[in-house]
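Take a walk through this fold with the model open beside you. We will go from sheets to helices, and then to single residues.

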Amino acid sequence: MEVKVVSSKLVKPSYPAGSPRPDTNEHVPSSVFDKATYHMQMAIIYAFSPPGPSTADIERGLAAVLGAYRLFAGQVRRGPDGTPGVLLNDHGARLVEASVDARLADIAPAKPSPAVLRLHPDLDGDVAEVVQVQLTRFACGSLAVGFTANHAVADGHATSDFLVAWGRAARGLPVGPPPPHHRRGLFPPRHPPRVQFEHRGVEYYRPSPSSHGHGEAPHHGHGVVIHKAHFTKDFIAGLRAKASEGRGRPFSRFETILAHLWRAMTRARGLGNPHQSSTIRISVDGRRRLAAPPGYFGNLVLWAFPRATVRELLDRPLRHAAQAIHDAVARVDDAYFQSFVDFASSGAVEEEGLETTAVLKDVLCPDLEVDSWLRFPFYELDFGGGCPSYFMPSYFPTEGMLFLVPSYLGDGSVDAFVPVFDHNLEAFKHCCYSMD
């Protein structure tokens, strides 16, 4: 797929006529959740069927929504006191226009592959903008929108709100008031702090003197392929019935699908030691747990870590894995979130030289990580020509890092994007479509 870049420019935020201009020297300090999360550029790809929305409408909408979501128009900078955060300097978002002399249906990959990296701006190096957008027009009139954002500024929940608001602005609809973002004192620690749970070895780790970091830069996925597993509504219903048999309240769709994938990956990997443990890193949204202001824009996520042995996953029924997931997520409650705030604000992280465990690795085996976008309104992005024909994450070939998204079919089915070693692919495909 040959992608020709036509133009690249900064889109500055726009403000309603007559409104006072904001302070472009304001610095928003990072919260303890911003500091603990992944510091990397994330990217997603949308496709829109013809007739696609005009570039002028998309750009006008982007300028308007940046005027409300100013964190995405600023730059990651340290404040005058050295505190990390975002400078609200209205730097703007990068907008790239590109074209492909072919039909989207003929060449667009149905799943993440190296080819999709050409559909959004480069993620490597020192990216000056928090947000980058690439509009790629195809000969058939279809439009691909590649969107990238700095994860240290906002999580998936916040980003999905921004995208929906962007679509509203492009259609000439009101964006609404600026969403609340972090400020000093928003998530205060208790005095004295009460660290009721262990956070060393969970959100933070102590690097050894010879360590060069808990994770490493990805090696572009040598030997890893991303399989798109499509689970129909009926298949999911069957899984839920099987996992929930004899249980008063059925497991959720997320718990069931993830439990199934956990067992399928364990079997496909051919892990030989039955006593070996496998852990999943699961994002848990803290907005309700900490009573965050409605529409809070930023990171507000911690992680649950269900654990089981290979023997338990392979020999015990599906409900055992689903229950382990359910129980681990339930433990990350409001008390746990407040304990984390107390610990992260206590100075222990700095005094002990602790580093965050949220780093990208090449290989997670025997473990997994999951990003679930099942409840985010990513498909509600509408620039005026209707909702996208499909949506998927970009190419992140970390073995074992799963993405769950609602299928573009809109019928209750789910797509799971699963990076596996190529020598495990056939075994995984056999396992993941079986209810055994």
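Ser99 has a bridge partner in β7: Arg137. The strands here, β6 and β7 (residues 131–138), pair in the parallel sense over seven bridges. Strands are DSSP runs of E with at least two residues, helices are runs of H or I with at least four, and both are numbered from the N terminus. Two strands pair if DSSP finds at least two bridges between them. Strands of a sheet pair through backbone hydrogen bonds, either parallel or antiparallel.

This is a predicted model, in which local features need pLDDT of at least 70 and side-chain atom pairs count only at pLDDT 80 or more, while totals for chains, interfaces and linings use all residues. Residues are numbered from 1 along each chain as its sequence is written, and side-chain values use heavy atoms, with hydrogens and water left out.

Now look to the other partner of β6. Strand β1 (residues 4–11) joins β6 through seven bridges, and the two run antiparallel. Val5 has Ala98 in β6 as its bridge partner. These strands belong to an open sheet of six, in the order β1-β6-β7-β8-β3-β16, with mixed pairing. β1 and β16 (390–393) are the edges; each has a single partner strand, so one side of each lacks a neighbour in the sheet. From one strand to the next, the twist averages 15°. Angles are taken between N-to-C directions, from 0 to 180 degrees, with axes as lines fitted to C-alpha atoms, for helices over the stretch in contact.

Further along, strands β3 (residues 41–48) and β8 (residues 143–150) pair in the antiparallel sense over eight bridges. Ala43 stands opposite Thr148 in β8. Helices cover this sheet too. Helix α2 (residues 55–68) lies across β1, β6, β7 and β8, at about 30° to β1. Helix α4 (residues 156–170) packs on the sheet and touches β3, β7 and β8. Its direction makes about 140° with that of β8. Contact means heavy atoms within 4.5 Å.

There is another sheet to find. It is open, has three strands in the order β2-β5-β4, and pairs antiparallel. Its edge strands are β2 (27–29) and β4 (75–78). Here the twist averages 40° from one strand to the next. Four bridges join β4 to β5 (residues 84–87). Gln75 stands opposite Leu87 in β5.

Next, follow the chain into the loop between β5 and β6 (93–100), where His91 lies. Is His91 buried or exposed? At 17% relative accessibility, His91 counts as buried. Buried means under 20% relative accessible area, exposed over 50%, and partly exposed in between (1.4 Å probe, protein chains only). Beyond its neighbours within four places in sequence, His91 is in contact with residues including Leu10, Gln75 and Glu129.

Finish with the aromatic rings. The whole structure holds 29 aromatic pairs. Rings of Phe, Tyr and Trp (its six-membered ring) pair if their centres lie within 6.5 Å; planes under 30 degrees apart are stacked, over 60 edge-to-face, and the rest tilted. Tyr204 and Phe340 have ring centres 6.1 Å apart and planes at 5°, so the pair is stacked. Tyr204 lies in strand β9 (residues 204–205) and Phe340 in helix α9 (residues 334–344), so the pair ties together parts 136 residues apart in sequence. Both Tyr204 and Phe340 are buried.
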